[in-house]
Amino acid sequence: MKKLNRRAFLKGGLASGVAVAAVGSAKKANAAGDFGGYPDSMGVLVDMTKCVGCRTCEAACNKEQGLPAPAKPFTDMSVYEEQRHGGLPRRTTEKEYTIVNRYEVEGREQPLFRKFQCNHCQEPGCLTSCFVNAYTKTPEGAVIYDATVCVGCRTCMISCPFYVPTYSYSSPTNPVIKKCIMCYDTRLKFGRPPACVEACPQQVMTFGKRTDLIGLAHKNIQDRPDRYVDHVYGEHEVGGTSWMYLTAVDAPFEKIGFDTHLGKQPIIYYVKEFLAIVPMVLLIWPALFTGFHLLATRKDAQKNEESES
Amino acid sequence: MGMKKRRLLGLTLIAVMVSSWILPGSALAEVFELDSMKNLYEGVSFDHDMHIEVTGDDCAVCHHHTAGTAPAEPLCVTCHANSPEKDDPRCSSCHVKDVFAAENMRKVWDTPRLYHRGKPSLKAAYHQGCLGCHEQNDAPVGCTDCHAMTEAGEKFYHTGTCAPEPKSADQGGGHH
């Protein structure tokens, strides 16, 4: 189960979708993929070579978003030793919209720290796959959602190439999606950078117009080819993301948990194909739904058991 | 791991000895209180004189070309080998606090042909400028080494007197 990659599932869906719904949806998908994002949208350039892993961004997110108190202080660095099942690093949860992970990379003296949160895709898979249109990509660049219309179907979790949306299980009868909204309500809307960006003592993150940031990123690479890998992650991946990354030459993206095989096409392509099977899926939806829920609650129960012991 | 560090430290020590031998008291004998941003942390007592000794009078390590010595970084030398020293070489005279304020972003991005568009904020200029050398020379790098945490900081980081009670957060937290 742990290896059932969500996108593999989608692509699988694609194959069977084509088989079931047959011909002719590929062209439509193409047209839908040409949007390319709002021209003046804002973004964040993350320079991971500068991160010292102090977790100030996590604390800032917690405060700004009014999230529950953390299990451990944000000054507690033992979280870097925490792992999920299968040795996977920490990930975002309903109570933590951003987290920092530490990577020990062979051949590199210091660890590399990687901040993780929603990447705010130019053409978000979550948005396209949502049946109730809970998601919006704002002209400012944020991917936000309306939790009041969310029915908790979790399709967005499956369609997200970065495994970002998580669900609030606090209320098992009404699970709603939770994720980073780039501080849209309180900051981005007013032209301010997200709280994590501003709080960072090292300015690991630069806030600005996405197109400007791409220029800056390439200039930085050109200026210091011995420091940076010559790639701006998120410039093209899945059709481009608002959050983009630079990494160190001795800690290439594939060694610090980035999926470097996502390709340049928006997830929308896969999703459109996936949606072709929706009419069929809708028939079996209630069953599927219950299945998902059972799975989730079982996982939760397991988790509780573990933390109790 | 140790090799490079130790050599650097050795070089630094030699530099210290040489500089204090050749250039006694050439520097500004001063300790600056850097506290214009204090909020989560108290201010920092910065021993300028000691640091000038540590760097062997190489002002450019911190001040770029603006305090009288030429920059050492090859990248900067290409354009600033002969740049003049500035009247005010304080970090705060060039590095602004609120870099992402709309007004500052306009200034940075709407000035045609501006070369330096990634100039860090004042807070970042300090940390980027101070932490790199400290890390390589076993000088303080912990977040409370240079500045003590304030009450506001303890609240912000949920630490000290505001630390979560063990276990309680598993039940959903939110006791503050």
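Analyst: Let us begin with burial: a residue is called buried under 20% relative accessible area, exposed over 50%, and partly exposed in between, with a 1.4 Å probe and protein chains only. The model is predicted, so local features need pLDDT of at least 70 and side-chain atom pairs count only at pLDDT 80 or more, while totals for chains, interfaces and linings use all residues. Residues are numbered from 1 along each chain as its sequence is written, chains are lettered from A and ligands numbered from 1 in written order, and side-chain values use heavy atoms, without hydrogens and water.

User: Is B:His134 buried or exposed?

Analyst: B:His134 is buried, because its relative accessibility is 13%. This residue lies in helix α6 of chain B; helices (H or I, at least four residues) and strands (E, at least two) are DSSP runs, numbered from the N terminus.

User: With which residues is B:His134 in contact, apart from its neighbours within four places in sequence?

Analyst: Contact means heavy atoms within 4.5 Å. By that rule, B:His134 is in contact with B:His51, B:Ala139, B:Pro140 and B:Val141.

User: How is the helix α6 of chain B to be read as a whole, and which of its residues are buried?

Analyst: The expected span of a helix is 1.5 Å times one less than its number of residues. Helix α6 of chain B covers residues 122-136, 15 residues, and reaches 22 Å from its first C-alpha to its last, close to the expected 21 Å. The buried residues of this helix are B:Leu122, B:Ala124, B:Ala125, B:Tyr126, B:Leu131 and B:His134. Their cover includes β1 (31-34) and α2 (48-54) of chain B.

User: What is the pattern of chain B along the sequence?

Analyst: Chain B contains seven helices and two strands, in the order α-β-β-α-α-α-α-α-α. Of its 176 residues, 23% count as buried.

User: What does a positive phi tell a reader, and where are such residues found?

Analyst: Most residues other than glycine have a negative phi. In chain B, α6 is followed by B:Asp138, whose phi is positive, near 55 degrees. In chain A, A:Asn133 has a positive phi near 55 degrees and lies in the loop between α4 and β4. A:Cys183, with a positive phi of about 50 degrees, is in the loop between β7 (177-178) and α6 (195-199) of chain A.
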